[in-house]
Amino acid sequence: MGLLYRWNAQQVLNSEQIKQLCQSTKLSAPVIQLLLQRGLDTPAKIKQFLNPNLSQLHDPYLLHDMSSAVRRINQAITQHEKMIIYGDYDADGITSTVILKTAIEQLGGQVDYYLPDRFTDGYGPNLSRYQKLGAAGYQLIITVDNGVSGMAALSWARDQGIDVVVTDHHKLPPQLPPAVAIVHPQYPQTAYPCPDLCGAGVAFKVATALLQRIPVELLDLAAIGTIADVVDLVDENRVLVAGGLQQIQQHPRLGIKQLAQKAHLQIANFSEEDIGFQIAPRLNALGRLDQAAKGVELLASTDESTTHALAQEIDHINQKRKQLCQEVYEQALVMANAQIQTGAKFLVIFDPNWHQGILGIVAGRILQQTKRPTLVLTQNAQGQAVGSGRSESNLDLYATLAPWKEKFLAFGGHAQACGLTMEVSAVADLQIQVNQLPNVQQLKITQFPRQSYDLALDIAQINLDLYQQLRQLAPFGHANAQPVLRITGFQTSRVQYLGKKAHTHLKINLWHQQQCLEAIGFNLGSQLPVIQKLGLNAVYGTLLINHWHNRPRLQVNLSDVEILQQQQVALIQHQRFRDWRNFAEIEFNQYPDNLIFFHQKNLRQFQKKYPQSKCYWSQQLPKALTSGMLVDRPANLTEFLTICRQFQWDQLDLSFRTQYPQYYQLQLSKDQTQECLKYFWAHHDLTENDLPAIAAYLGLTDLEIRVLLNMFVELKFIKINQGVLQRPLVVNKVPFSQSSTYRQLQLLKEVQTRLIESKFTDLVQWIVQSSK
């Protein structure tokens, strides 16, 4: 079990079926396993899924009212009517607006656009705003990513003789508004093959019908909207995203290129993750803190100076958004914990000074942290309480709050998310009353929700080849999530905060032999003390490539960590050893006193560099030490165990640093040793200067051949006379083990095997047993 979730493996699959599909598709077993988990169980289905292309896009005229929408827009273009696109303030709404604006302009039309203000207009058609558009003389309004819920505004427009074409994908109300056309993938009594299109996806289909071709140049925008709106990434959505990523990589529009530079992204390796974690949040930040219209201007502009300035401004707004989110989250979490202490299972958190634009993000983070449905509110300019709610699948948020619908000034949403406006004076009563509801009182707060992982792998299996295999299933997204891996088998780990200032994020380095795998846990910094205390057994997460500073590096995006089993925890707690063996750098100037050295030479060198530290030679330790660090490596295990037995350690850190690891790693076989000796005996007049050439011939390193020569001299198999290697006239038969060099190497090898290469849990167990 992890610290955050109770993990289960995906269902066990038929091994024979996996084997057969591997043979018929030439794909690896892990990839086939993942495909089967996604319901792709035939070679034909697998081929279509792994090769998304534009031929898989559906006829746009299969969408309801597409003919009517195209006819009315073309009429406005040919008759030079005044028309406007009415969008939305999120990334989907921004990209939808640019898609339709571009298509109409390519046909020679003139079209304006308006993206509503989150705080003054709200979501969807706003009657007051429609009235202003009517007064401005607009004859046609085209909605993108909204419209089906705008009964009042559209009814007014009809009565004024203003036509409205609705293109939307949101949940359809019982009564649809009067419009010239409603283009919607889930329209009643229709069966569009891909009902989960986002707003940008619907706009792209309208653009396709208008232009009478697939507008490849607009795929990038459709991809951004699709990823940002978290719709199911299957069928046509998968094709749009795959094609859009290719378009960005090969022909990036200026606005995306400028945003990518601000986010330190490489266009050549641009992925769906870059959209989801970097591009979409920056576009969404506009609607939260500023004006979303700047996003349209950025993505539609072909002027480099304009896009550069806008990208810089948007990046600044996004940084402000992140800072505000963190500040409000920390304040809200304190208030949430106070309510939890009173027994609340539904959190209603209010502060009049919070920014309205980030309440939904904060509610989501509080939900994640507390596992409780959360409503976060602030006070708007009209003195009303306005907020956003988030819930998990164990409680329908919309249905729970619906009884108060008549008392709310505004209310909307669905099972897991909602928004509302109410009187400030009623907030405290809502918090009390909602917690008295039977379904809330019966709510089981699952401290460890269930999650599934896709593959269980040893760290030795994690490499770039595996990453490339998994990427065959990309693009990833909702309904085609990145494979979650359970990774074990690492010999040791290092856990620390990501960055030196904040303790928000977590960084874990996992070591296996010479391999180091980095894992990053965003917003998991609070788990660091637990992991350091109890030890790490496994990590859960997804694989990605970090291209920071143009250096591709495999990385794990952490979802959770699993601590050691209880018997292992008890063992480590008993002696309180800590593993510092694979730390690349240790800030010794900040480390506590009691640094212990096995070698006096190392001690003297260290004291010159860190004169303020309190250092000891292992042969002259003060009495009653209870804590310290073993900085360098012992010459043998006996020296090490003497230190362990000598004191009752409350804490002993094991570093084992050395400038000469090669001496501990020497692996000289008996055959190599004998072959080298025979070579020396068979060749006369060899000198010490010939050793590098001899080593190369025998496939040895310079160190290995010098060590072997020392052994041979000690055993009197070879003598050196003025630099010339000679075979003695009489050679006694003596085993190699009689050489002091040989014996010393064996001791160093034991140190390497036991203290350096072993798993830390195994090392601690050996120390405890050997110290009894």
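Visitor: D163 first: buried, partly exposed or exposed?

Guide: Partly exposed, with a relative accessible area of 27%. Keep in mind that this is a predicted model.

Visitor: Which residue does D163 form a salt bridge with?

Guide: With R72; the closest N and O atoms are 2.7 Å apart. The pair links distant parts of the chain, since D163 sits in strand 5 (residues 163–167) and R72 in helix 4 (residues 66–78), 91 residues apart.

Visitor: And what else does R72 meet in a salt bridge?

Guide: The side chain of E81, at 2.8 Å from N to O. Salt bridges with shared partners put R72, E81 and D163 in one network.

Visitor: Are E81 and R72 buried or exposed?

Guide: E81 is buried, with a relative accessible area of 9%. R72 is buried as well, at 7%.

Visitor: How many salt bridges does the structure hold?

Guide: The count is 16. Another of them joins K45 to D41, with the closest N and O atoms 3.2 Å apart. In that pair K45 is partly exposed at 39% relative accessible area, and D41 is partly exposed at 36%.

Visitor: Now K371. Where is its place?

Guide: In the loop between helix 15 (359–370) and strand 8 (374–379). K371 is buried but has no salt bridge.

Visitor: What is the nearest side chain of opposite charge, and how far away?

Guide: E392, 6.0 Å away.

Visitor: Then what lies 2.9 Å from a polar atom of the K371 side chain?

Guide: The backbone oxygen of Q368.

Visitor: Changing topic: what order do the strands of the open five-stranded sheet have?

Guide: The order is 20-24-23-21-22, with parallel pairing.

Visitor: Which strands stand at the edges?

Guide: Strand 20 (577–579) and strand 22 (615–617). Each has a single partner strand, so one side of each lacks a neighbour in the sheet. Neighbouring strands in this sheet are turned by 25 degrees against each other on average, direction ignored.

Visitor: How many bridges do strands 23 and 24 pair over?

Guide: Five, in the parallel sense, between strand 23 (residues 627–632) and strand 24 (residues 651–657). S627 stands opposite Q651 of strand 24.

Visitor: And which strands does helix 29 lie across?

Guide: Strand 20 and strand 24. Helix 29 covers residues 760–770 and runs at about 150 degrees to strand 20.

Conventions
Residues numbered from 1 in each chain as written. Predicted model: local features only at pLDDT ≥ 70, side-chain atom pairs only at ≥ 80, totals over all residues. Heavy atoms only, no water. Helix = DSSP H or I, 4+ residues; strand = E, 2+ residues; numbered from the N terminus. Buried < 20%, exposed > 50% of the residue type's maximum accessible area, 1.4 Å probe, protein only. Lys, Arg positive; Asp, Glu negative; His and termini not counted. Salt bridge = Lys/Arg side-chain N within 4 Å of Asp/Glu carboxyl O. Polar contact = N/O pair within 3.5 Å; in protein donor to acceptor, adjacent residues only side chain to side chain. Pairing = 2+ DSSP bridges. Axes fitted to C-alpha atoms, helices over the stretch in contact; angles between N-to-C directions. Contact = heavy atoms within 4.5 Å.
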